[in-house]
Amino acid sequence: MQRERLEKRREVYEKRYEAYLQKEADILAGGVQSYGIGSRNLARYNADLAEVRKAIAALEQALEEIDAQLAGGSRRKSVGVVYRDW
């Protein structure tokens, strides 16, 4: 049950990831994002490039976590640092 749910979630994240990559490519390809002629305005993209890249990074991390869970590993690696004053 858990594995099926993880695989389904991975599919959804993968589709969303591909959509964000396409959106980033569209934004980088150029073109006018918004302009106005007289009283008419046109806005092609409502998303900022930085927001799209942040979403891509978050989805990449989520996909890595799901892959780790499907492989039998842990969700996150925990690291601790102990400072010492000699």
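Biologist: What percentage of the 86 residues in the chain do buried residues make up?

Modeller: This is a predicted model, and every value I give is computed from it. A residue counts as buried when its relative accessible area is under 20%. By that criterion, the buried share of the 86 residues in the chain is 16%.

Biologist: Which pattern does the chain follow when read along the sequence?

Modeller: The chain contains two helices and two strands. Helix α1 covers residues 2–28, strand β2 covers residues 40–43, and α2 covers 49–70. Read along the sequence, the pattern is α-β-β-α.

Biologist: Which residues of α1 are buried, and what does their cover include?

Modeller: Four residues of α1 are buried: Leu 6, Tyr 17, Glu 24 and Ile 27. The cover over the buried residues of this helix includes residues 49–70, that is, α2.

Biologist: Is Glu 24 buried or exposed, and which residues is Glu 24 in contact with beyond its neighbours within four places in sequence?

Modeller: Glu 24 lies in helix α1. Its relative accessibility is 16%, and therefore Glu 24 counts as buried, the limit being under 20%. With neighbours within four places in sequence left aside, its contacts are Leu 49, Val 52, Arg 53 and Ile 56.

Biologist: What share of contacts between residues at least 6 apart in sequence join residues at least 24 apart?

Modeller: The count takes contacts in the chain between residues at least 6 apart in sequence. Of these, the share that joins residues at least 24 apart is 60%.

Biologist: How many salt bridges does the structure hold, and how far apart are the closest N and O atoms of Glu 7 and Arg 3?

Modeller: Side chains of opposite charge can pair when their charged atoms come close. The structure holds four salt bridges. Glu 7 and Arg 3 both lie in helix α1, four residues apart, about one turn of the helix. Glu 7 forms a salt bridge with Arg 3, and the distance between their closest N and O atoms is 3.6 Å.

Biologist: Why are Glu 14 and Arg 10 separated by about one helical turn, and how far apart are their closest N and O atoms?

Modeller: The separation is about one helical turn because Glu 14 and Arg 10 are four residues apart in helix α1. Arg 10 is partly exposed at a relative accessible area of 25%, and Glu 14 is also partly exposed, at 26%. Their salt bridge has its closest N and O atoms at 3.2 Å.

Biologist: Which residues do salt bridges that share partners join into one network?

Modeller: Asp 67 and Arg 10 meet through their side chains in a salt bridge of 2.5 Å, N to O. This pair links distant parts of the chain, with Asp 67 in helix α2 and Arg 10 in helix α1, 57 residues apart. Through shared partners, the salt bridges join into one network Arg 10, Glu 14 and Asp 67.

Biologist: Which residues form a nonpolar patch on the surface, and what accessible area do they have together?

Modeller: One member, Leu 42, is placed in strand β2 and is partly exposed, with a relative accessible area of 39%. The patch consists of Tyr 35, Ile 37 and Leu 42, whose accessible area together is about 300 Å².

Methods
Residues numbered from 1 in each chain as written. Predicted model: local features only at pLDDT ≥ 70, side-chain atom pairs only at ≥ 80, totals over all residues. Heavy atoms only, no water. Patch = residues over 30% accessible without salt bridge, like charges linked within 9 Å, V, L, I, M, F, W, Y side chains within 5 Å. Areas by Shrake-Rupley, 256 points an atom, 1.4 Å probe, with all protein chains shown as cover. Buried < 20%, exposed > 50% of the residue type's maximum accessible area, 1.4 Å probe, protein only. Expected span 1.5 Å × (residues − 1). Contact = heavy atoms within 4.5 Å.
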